[in-house]
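Thanks for coming. I will go through one structure today, and I will keep to what can be read from the coordinates.

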Amino acid sequence: MKVTQRISGDRPVFSVEFFPPKDEAGEADLWRAVRRLEPLDPAFVSVTYGAGGSSRDRTIRTTARIATDTTLVPMAHLTAVSHSVSELRQVIGAYAAAGISNILAVRGDPPGDPLGEWVAHPEGLTYADELVTLVRRLGDFCVGVAAFPYGHPRSPDLESDLTRLLAKIRAGADFAISQLFLEPEGFLRLRDRLAGAGCDAPLLPGIMPLTTVRTLRRGPELSGAPVPPALTKRLERYSDDPAAFRAAGMDVTSEMCARLLDEGVRGLHFYTLNRSTATVELVRRLGLAAQRPAVTAPG
Ligand SMILES: Cc1cc2nc3c(=O)[nH]c(=O)nc-3n(C[C@H](O)[C@H](O)[C@H](O)COP(=O)(O)OP(=O)(O)OC[C@H]3O[C@@H](n4cnc5c(N)ncnc54)[C@H](O)[C@@H]3O)c2cc1C
């Protein structure tokens with residue numbers, strides 16, 4: 001099943017993003033989250049692609065296991081970091097062999113310093129549009145790409161950032177998922193700019209539930225998304241009270257999601273950090289959870 005099919009129904013949907021677990025405890029957390037989310041019928045479940053060899057193997061294994069052991073539609077991320085084209089071909093082949101037909105093709109960041117100078121592998125690729133082309137050439141994949149409501153940190157301006165996003169879609173991407181953001185306007189403006197350029201590829205908002213002071217500080221730091229002063233004012237009074245902060249942060253996130261749904265987004269993509277509680281709470285509040293019987297975890 002392709003992501004584009006899953007997000008093209010009459011009702012808005014939700015999807016979730018995981019990262020490959022580092023150890024057994026992390027693996028247990030991840031699978032608990034998967035099993036709690038499964039009955040709510042997320043449109044798809046994505047697994048990020050790390051910087052090093054072992055984490056990359058874990059992405060392939062985790063995504064493959066989602067394909068075989070659950071009823072969920074998996075999407076594997078792939079980056080061009082430190083890979084020759086021939087290695088990229090092998091990973092794409094491994095995804096296909098595992099029955100994965102959705103790939104999020106992102107360039108990746110320079111290892112060690114996400115904001116550092118990008119240096120391509122000597123036999124590799126330089127930008128994500130080339131990765132989209134490669135994935136498309138190698139199989140019948142549904143391909144997603146990254147989008148940045150406030151521009152990629154290294155883009156000189158929003159105009160050129162839009163040009164790069166359009167290039168990825170022209171290269172064959174079927175949809176885009178946005179970097180996290182803390183107020184809906186930036187995302188909606190990007191959607192308008194895409195539509196204004198004649199592009200009708202779906203753009204899904206990436207949502208980070210504001211459950212802790214850390215999510216409020218680290219999210220914008222990593223993404224470059226501005227923190228609206230009204231949001232700071234609303235939440236900072238709870239910075240010494242984790243339970244009150246979580247309650248207020250979940251209200252803020254839920255209000256933003258409701259606004260995006262009112263504006264007609266086809267789905268909300270949740271950055272789960274391999275936990276399910278906040279996502280489950282939000283999709284229930286927003287009426288996005290399907291009622292399906294729980295699936296028993298394999299032994
Ligand atoms: C939804 C989402 C999921 C992600 N998943 C992962 C993941 O799993 N693993 C991971 O490591 N990272 C992930 N990232 C982070 C991503 O890899 C970084 O943000 C990366 O810096 C940019 O990736 P991109 O695909 O947008 O790159 P690109 O589209 O290649 O853009 C990178 C920069 O190059 C510029 N550019 C593009 N094409 C050209 C050109 N032809 N000439 C000049 N400049 C150009 C762009 O404007 C931009 O500044 C994800 C990001 C998002 C939003």
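Start at V16, whose bridge partner in β8 is F270. Before going further, note that this is a predicted model.

As a reminder, strands of a sheet pair through backbone hydrogen bonds, either parallel or antiparallel. What order do the strands take in the barrel? The barrel closes from eight strands in the order β1-β2-β3-β4-β5-β6-β7-β8, with parallel pairing. From one strand to the next, the twist averages 25°. On the sheet packs helix α7, residues 184-196, which touches β5 at 142-147, β6 at 175-180 and β7 at 203-207. The direction of α7 makes about 165° with that of β7.

Now the ligand. There are 22 residues around the ligand, and those that come nearest are T48, H77, R107, A128 and A146. The largest share is from α6, with three residues. By type, the shell around the ligand has eight nonpolar, eight polar and six charged residues.

Next, the helices towards the end of my list. Helix α9, residues 229-236, packs against α10 at an angle of about 150°, and the axes are 9 Å apart. How are these two oriented, then? Angles over 145 degrees count as roughly antiparallel, so α9 is roughly antiparallel to α10. On the α9 side the contact uses L231, R234 and L235, and on the α10 side F245, A248, G249 and V252. Five of the residues in the contact of α9 with α10 are nonpolar, one is polar and one is charged.

Helix α10, residues 242-262, also packs with helix α11, residues 277-285. The angle there is about 45° and the axes are 10 Å apart. Because of that angle, α10 is oblique to α11. The crossing of α10 past α11 is right-handed. Which residues meet in this contact? From α10 they are M250, T253, S254 and C257, and from α11 they are A278, E281, L282 and R285. Here the contact of α10 with α11 divides into four nonpolar, two polar and two charged residues.

To sum up, we have a barrel of eight strands with parallel pairing, a ligand with 22 residues around it, and α10 packing with both α9 and α11.

Definitions and conventions. Residues numbered from 1 in each chain as written. Predicted model: local features only at pLDDT ≥ 70, side-chain atom pairs only at ≥ 80, totals over all residues. Axes fitted to C-alpha atoms, helices over the stretch in contact; angles between N-to-C directions. Helix = DSSP H or I, 4+ residues; strand = E, 2+ residues; numbered from the N terminus. Parallel < 35°, antiparallel > 145°, perpendicular 65-115°, else oblique. Left-handed = near helix turned anticlockwise from the far one by under 90°. Contact = placed C-beta atoms within 7 Å. Nonpolar A, V, L, I, M, F, W, Y, C, P; charged D, E, K, R; others polar. Pairing = 2+ DSSP bridges. Near = placed C-beta within 6 Å.
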